[in-house]
Amino acid sequence: MIKAEELYAHLLDSRIAGQVATPRENNLSKYAHFARRDPWVLLGLDPEGEWTQDDVLELMARRAGVSPDRNHRQGQDTIDPQLTIDALDAVAGVVARTADRGGSVMMGTGHPGQLIGFHSALGDALEAAGCAVLTPAHGSDFLMHSVHGARSCSLDYVQRVGVVRVYEGAPPSGVSPSAPVPAEGGPAARGELSDPVHTHSPQPVRIALAALAEAGQPRPDLLIGDHGWACGAGRLGVTSIGLADSNDPGVFVAEAEGMVAAAVPLDDGVRPECYELLSAYVLQQAGMSR
């Protein structure tokens with residue numbers, strides 16, 4: 001039995017919450033970029049509200065626990081561990097409802113080095129409860145837009161969690177950047193695929209959902225993810241839960257506007273084993289512990 005106070009202490013000890021590594025300067029910069037509708041920070045959203053930088057700061061103070069002081073411009077920032085626990089409780093409710101109706105689930109991450117284990121633990125438990133775990137468009141090639149320009153990529157799944165791999169070689173010829181069309185010449189002409197990469201892009205989840213639609217299959221009942229996976233799916237009407245750092249305001253705006261069912265504030269860059277207690281807590285609260 002994981003008690004809330006045990007989880008609270010773990011969040012502080014691991015620095016998943018409390019005084020986190022993300023500096024205040026980075027948080028404020030991302031809030032300003034979100035207010036300017038920078039696609040890299042929007043994570044696939046088209047917000048309904050105006051969302052000035054002050055609006056974003058107020059939301060992040062309320063939902064993530066960052067300092068609300070507009071004059072706090074440099075140094076360390078915080079995530080409130082109680083807000084993290086409250087959000088994990090909300091995630092547990094969403095997971096339990098999905099399990100009760102035997103719904104389908106899809107997973108994806110822009111933080112493959114850290115969050116695959118959290119997502120896959122929930123997916124495995126949902127499958128054990130009778131839910132289908134979907135991996136659409138596996139192996140699809142596409143050009144992903146990023147701050148570094150267009151990158152030739154492939155959609156892969158690790159532990160059935162969607163990830164992006166980059167072709168480390170010559171870019172493909174004849175590939176539309178807006179569709180997952182196989183490149184001419186085959187994989188050998190494009191170099192080797194990298195390990196899964198960090199990404200904010202909503203393109204992977206859009207490609208996966210489009211593949212389901214093209215196959216005449218229904219969209220998933222639940223998307224478990226972060227970054228563009230959570231926001232991109234939520235923007236298209238899929239019930240989504242998203243883990244989000246204090247410099248990822250898009251996930252919290254998506255929650256505020258009703259496009260994400262639960263946004264969990266946490267540092268998304270600590271050691272992957274540190275998230276094991278969080279997924280175990282969610283499954284315990286959902287009545288799905290093994």
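The following legends describe close-up views of a predicted model. Local features are taken where pLDDT is at least 70 and side-chain atom pairs only at pLDDT 80 or more, whereas totals for chains, interfaces and linings use all residues. Residues are numbered from 1 along each chain as its sequence is written, and side-chain values use heavy atoms, with hydrogens and water left out.

**View A. Helix α6 covers residues 112–128.** Helices (H or I, at least four residues) and strands (E, at least two) are DSSP runs, numbered from the N terminus. The 17 residues of α6 reach 23 Å from the first C-alpha to the last, close to the expected 24 Å; the expected span is 1.5 Å times one less than the number of residues. The buried residues of α6 are P112, L115, I116, F118, H119, S120, L122, G123, A125 and L126. Buried means under 20% relative accessible area, exposed over 50%, and partly exposed in between (1.4 Å probe, protein chains only). G130 follows α6 and has a positive phi, near 105°.

**View B. Helices α1 and α5 pack against each other.** Helix α1 (residues 4–14) and helix α5 (residues 81–100) have axes 9 Å apart, at an angle of about 125°. Axes are lines fitted to C-alpha atoms, for helices over the stretch in contact, and angles run from 0 to 180 degrees between N-to-C directions. This makes α1 oblique to α5, because angles under 35 degrees count as roughly parallel, over 145 as roughly antiparallel, 65 to 115 as roughly perpendicular and the rest as oblique. On the α1 side, A4, L7, Y8, L11 and L12 make the contact, and on the α5 side P81, Q82, T84, I85 and L88. Contact means heavy atoms within 4.5 Å.

**View C. Helices α4 and α9 cross at roughly 85°.** The axes of α4 (residues 53–63) and α9 (residues 249–256) come within 10 Å. The two helices are therefore roughly perpendicular to each other. V56, L59, M60 and R63 of α4 meet P249, F252, V253, E255 and A256 of α9.

**View D. V197 lies in the loop between β8 (192–193) and α7 (203–214).** V197 counts as buried because its relative accessible area is 15%. Leaving aside neighbours within four places in sequence, V197 is in contact with G110, P112, V164 and V166. The C-alpha atoms of V197 and G113 are separated by 8.2 Å, although these residues are 84 residues apart along the chain.

**View E. C131 and C274 are buried cysteines.** C131 has a relative accessibility of 3%, and C274 has 5%. The structure holds 0 disulfides, a disulfide being a pair of cysteine sulfur atoms within 2.5 Å.
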